[in-house]
Amino acid sequence: LEIEIDDSKFETQVHKCTFEYMKAQGDAIAPAGGRFWHKPNQASGGGQIFVSKGTNGRWRGVLSDAQVDAYEAVVRDKLSSECAAWLATGKVSGDDASG
């Protein structure tokens, strides 16, 4: 990206990228403030459910074949191959440090 790093902010930026921080901020970062994932009779906390375990592929066995096919069609139509690969694996191609 060729972005200058401000050393005085770097530690805070790295901390805010941790899974633990993002889960704690779930209602602030989840789509629609996490309200789609709230438990019945609960006004908040859905974001912590949305940011659940930080693992890929948890949808397997939950979505039907037709739902997976529809999702994959949208991915092919809307995303670059690099973006689709990152979304599927969490890794950036050619970047050994990505995980």
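Predicted model: local features only at pLDDT ≥ 70, side-chain atom pairs only at ≥ 80, totals over all residues.
Is Trp37 buried, partly exposed or exposed? Partly exposed, because its relative accessibility is 30%.

Take Phe36 and Trp37. Their ring centres are 5.9 Å apart, and the planes meet at 75°. Over 60 degrees counts as edge-to-face, so that is the label for this pair.

Next, Trp37 with Phe50. Here the centres sit 4.6 Å apart. The angle between the planes is 50°, and the pair is tilted.

Where do these two residues lie? Trp37 is in the loop between helix 3 (26-29) and helix 4 (46-50). Phe50 belongs to helix 4. So this pair ties together parts 13 residues apart in sequence.

Phe36, Trp37 and Phe50 make up one aromatic cluster.

Now, how accessible are the other two members? Phe36 has 61% relative accessibility, so it counts as exposed; the cut-off there is over 50%. Phe50 comes in at 38%, so it is partly exposed.

Arg35 lies over the face of Phe36. The distance to the ring centre is 5.9 Å.

To recap: Phe36 pairs edge-to-face with Trp37. Trp37 pairs with Phe50 in a tilted arrangement. And Arg35 sits over the face of Phe36.

Conventions:
Residues numbered from 1 in each chain as written. Heavy atoms only, no water. Phe/Tyr/Trp six-rings, centres within 6.5 Å; stacked < 30°, edge-to-face > 60°. Buried < 20%, exposed > 50% of the residue type's maximum accessible area, 1.4 Å probe, protein only. Helix = DSSP H or I, 4+ residues; strand = E, 2+ residues; numbered from the N terminus. Lys NZ or Arg CZ within 6 Å of the ring centre and 35° of its normal.
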